[in-house]
Number of protein chains: 2
Amino acid sequence: MSVSWPERVRVVEVGPRDGLQNEKAQVPTAEKIRFIDLLSEAGLPVVEATSFVSPRAIPQLSDASEVMQSIKLLESVEYPVLVPNSKGMERALAAGVRAIAVFTAASEEFTRHNINATIAQSLENFRPVIELARQEGVSVRGYISTVFGCPYEGQVAPEKVADVALALLELGVSELSLGDTIGVATPKQVIEVLDLLLSHHSIPASQLAVHFHDTRGTALANVLAALQVGITTVDSSAGGLGGCPYAPGAAGNLATEDLVYMLNGMGIETGVDLEKLVAATRTIAPFLGHTPTSKYYQAAMSASN
Amino acid sequence: MSVSWPERVRVVEVGPRDGLQNEKAQVPTAEKIRFIDLLSEAGLPVVEATSFVSPRAIPQLSDASEVMQSIKLLESVEYPVLVPNSKGMERALAAGVRAIAVFTAASEEFTRHNINATIAQSLENFRPVIELARQEGVSVRGYISTVFGCPYEGQVAPEKVADVALALLELGVSELSLGDTIGVATPKQVIEVLDLLLSHHSIPASQLAVHFHDTRGTALANVLAALQVGITTVDSSAGGLGGCPYAPGAAGNLATEDLVYMLNGMGIETGVDLEKLVAATRTIAPFLGHTPTSKYYQAAMSASN
């Protein structure tokens with residue numbers, strides 16, 4: 001009966017960027033800033049703050065520079081931003097960004113629909129961005145979407161995930177986030193994919209993060225499986241912000257409250273104060289137009305009524 | 001990286017009894033019957049059908065005899081009913097019941113609030129019920145509530161759980177269902193409690209079932225942990241029926257859809273047809289006054305719109 005988990009997990013909070021980007025509501029810039037500040041004060045070690053995408057493409061994120069320049073930068077917290085291309089990178093650097101993330105997928109059809117490029121083209125586009133990041137000493141995270149399934153192609157071969165992962169590492173990315181974009185993964189598949197990357201391709205666990213969506217309720221079970229094979233970095237979104245764009249009305253990102261409740265309850269150190277986290281979600285909730293999907297959050301709100 | 005799970009899991013569907021009993025809405029008897037028939041046709045091996053409690057105490061279940069006598073009894077399916085005392089047992093036997101369940105808890109305060117008795121008194125009350133069941137060849141399941149925490153006492157000592165478990169087995173109960181009544185358990189605690197019962201007290205895994213509530217989102221992760229230490233019987237409720245009476249508005253029972261999606265996805269045999277299960281929940285949904293909480297169900301409904 002020996003089942004083991006890491007002593008410490010690094011939670012990467014993606015609510016202000018990935019979460020809000022996938023909410024319908026337009027949240028005022030001042031509220032985004034307040035939300036990020038409350039999240040970093042709650043002890044989250046990484047708070048993905050915004051995205052320097054084209055303001056025309058995603059109007060909700062056109063305030064990226066203002067957000068970056070107005071948040072309180074705590075020394076203990078990293079504030080990565082999403083950067084799609086060199087133009088975005090220049091704006092990010094001008095705003096004082098010290099950590100960025102780039103974004104591709106393990107499925108060709110998804111990449112074509114999402115950014116109108118092949119996977120190979122998307123990687124080529126990152127080359128100058130990552131080059132500039134390295135010159136400036138800025139760390140680079142690489143998101144890989146559709147690792148466990150694609151809304152267009154269905155199943156995704158784990159070897160395809162490995163190809164993209166190795167290509168990103170080769171380009172100079174320091175951490176990979178493996179995304180279950182449509183929330184179809186189950187624990188056995190999680191272990192199979194991770195085993196391929198960790199054992200067969202010898203990618204260190206410290207360079208891998210998991211990013212699950214709770215669309216079918218399996219996100220936390222998938223996290224548990226990932227921890228058991230050595231993963232120590234987990235992405236999540238305060239309140240569960242960000243629905244599933246492929247199943248409108250269904251759940252999206254794993255909620256940070258539910259993740260932290262489980263980890264803290266297991267004695268796995270996160271550094272996150274759960275009450276402060278709930279308070280952060282509570283401040284953004286009135287701007288969403290719906291109740292945050294986090295079950296822990298809902299139970300906490302219900303208990304406080 | 002060896003993580004293993006059982007090849008087959010027996011899912012105990014508790015929606016028609018435990019689920020509906022904790023819903024506010026009064027569901028017409030004909031709809032309950034239809035719901036049970038659809039669940040057994042979906043391949044669930046056990047469908048808890050109703051409860052022979054005092055009709056005055058729980059009016060929603062005053063149609064217990066009619067339900068039992070009207071459902072289609074499939075040979076492959078067990079239809080246990082809850083029985084609180086000898087009077088209920090006589091009514092259950094008269095209605096043709098072949099499997100019953102009795103109900104106590106691991107916390108004194110909870111038992112006092114719930115059935116106005118000490119745990120010892122509750123066990124004494126079961127003695128004639130279980131005696132009668134054995135004479136009639138009726139199987140007996142024992143529910144133990146508040147195994148992982150109590151709404152009144154907080155933490156519950158695992159040894160207290162073991163005492164109650166051993167007393168129930170001594171009385172002649174053939175299966176124990178370990179309930180996380182308020183949905184506070186995390187996987188480490190699950191393994192600790194199960195380890196005590198399985199290893200230290202040598203209770204066979206085949207006599208233990210787990211019954212998690214998803215109040216804080218951890219139910220499926222807890223199931224995964226339980227499977228890893230050898231548990232092969234898991235309780236759940238179609239659609240997630242049954243809120244949490246200790247946190248109104250928050251989630252209650254683990255949803256059968258979410259459980260079966262995970263198990264089927266891991267290649268663990270359940271015999272359950274997920275589409276038929278969703279169809280069963282869909283027929284009862286209009287009578288609840290709210291959307292069923294199952295994430296898989298919500299994603300399926302959203303995809304079919």
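Biologist: Leaving aside its neighbours within four places in sequence, which residues is Arg10(A) in contact with?

Modeller: The model shown is predicted. Arg10(A) belongs to strand S1 of chain A, which covers residues 10-13. Setting aside neighbours within four places in sequence, its contacts are Pro45(A), Val46(A), Glu78(A), Glu175(A), Thr232(A), Thr233(A) and Val234(A).

Biologist: What distance separates the C-alpha atoms of Arg10(A) and Thr233(A)?

Modeller: Thr233(A) is among the residues in contact with Arg10(A). Along the chain, Arg10(A) and Thr233(A) are 223 residues apart, yet the separation of their C-alpha atoms is 4.7 Å.

Biologist: Which residue's side chain is joined to that of Arg10(A) by a polar contact of 2.7 Å?

Modeller: The contacts of Arg10(A) include Glu78(A) and Glu175(A). The polar contact of 2.7 Å between side chains joins Arg10(A) to Glu175(A).

Biologist: Is Arg10(A) buried, exposed or partly exposed?

Modeller: The relative accessible area of Arg10(A) is 27%. Buried would require under 20% and exposed over 50%, so a value in between receives the intermediate class. Arg10(A) is therefore partly exposed.

Biologist: With which side chain does the side chain of Gln21(A) make a polar contact?

Modeller: Gln21(A) is found in helix H1 of chain A, residues 15-21. Not counting residues up to four places away in sequence, Gln21(A) touches Ile58(A), Gln60(A) and Leu61(A). The polar contact of its side chain, at 2.8 Å, is with the side chain of Arg17(A).

Biologist: How much area do chain A and chain B bury between them?

Modeller: The contact takes 37 residues from chain A and 37 residues from chain B. Of the area buried between the two chains, 69% is on carbon and sulfur atoms, and the total is about 3300 Å².

Biologist: Which residue of chain B meets Lys295(A) in a salt bridge?

Modeller: Between chain A and chain B there are two salt bridges, and seven residue pairs are in polar contact. In one of the salt bridges, at 2.7 Å from N to O, the side chain of Lys295(A) meets that of Asp214(B).

Biologist: Which helix gives the most to the side of chain A that touches chain B?

Modeller: Helices H8 (187-200), H9 (219-228), H10 (256-265) and H12 (295-304) of chain A each supply at least two residues of that side. The greatest contribution, six residues, comes from H8(A).

Biologist: How do the residues of the side of chain A that touches chain B divide?

Modeller: The side of chain A that touches chain B includes residues from helix H8 and helix H9 of chain A. The division of its residues is 22 nonpolar, nine polar and six charged.

Biologist: What angle lies between the planes of Phe103(B) and Tyr143(B)?

Modeller: The whole structure holds eight aromatic pairs over all chains. Phe103(B) and Tyr143(B) form a tilted one, with 6.1 Å from centre to centre and planes at 45 degrees.

Biologist: Where do Phe103(B) and Tyr143(B) lie in chain B?

Modeller: Phe103(B) is partly exposed, at 24% relative accessibility, whereas Tyr143(B) is buried, at 4%. The pair links parts of the chain 40 residues apart: Phe103(B) lies in strand S5 (residues 99-105) and Tyr143(B) in strand S6 (residues 139-145).

Biologist: Why does the pair of Phe148(B) and Phe212(B) count as tilted?

Modeller: Both residues are buried, Phe148(B) at 3% relative accessibility and Phe212(B) at 1%. Their ring centres are 5.7 Å apart. Planes under 30 degrees apart would be stacked and planes over 60 edge-to-face. The planes of Phe148(B) and Phe212(B) are at 40 degrees, so the pair is tilted.

How values were computed
Residues are numbered from 1 along each chain as its sequence is written. Chains are lettered from A and ligands numbered from 1 in the order in which they are written. This is a predicted model: local features need pLDDT of at least 70, side-chain atom pairs count only at pLDDT 80 or more; totals for chains, interfaces and linings use all residues. Side-chain values use heavy atoms; hydrogens and water are left out. Helices (H or I, at least four residues) and strands (E, at least two) are DSSP runs, numbered from the N terminus. Buried means under 20% relative accessible area, exposed over 50%, partly exposed in between (1.4 Å probe, protein chains only). Contact means heavy atoms within 4.5 Å. A polar contact is a pair of N or O atoms within 3.5 Å; within protein, one must be able to donate a hydrogen and the other to accept it, and residues adjacent in sequence count only if both atoms are side-chain atoms. Buried area is the accessible area (1.4 Å probe) that two parts lose on being put together, summed over both. A salt bridge is a side-chain nitrogen of Lys or Arg within 4 Å of a carboxyl oxygen of Asp or Glu. Ala, Val, Leu, Ile, Met, Phe, Trp, Tyr, Cys and Pro count as nonpolar, Asp, Glu, Lys and Arg as charged, and the others, Gly among them, as polar. Rings of Phe, Tyr and Trp (its six-membered ring) pair if their centres lie within 6.5 Å; planes under 30 degrees apart count as stacked, over 60 as edge-to-face and the rest as tilted.
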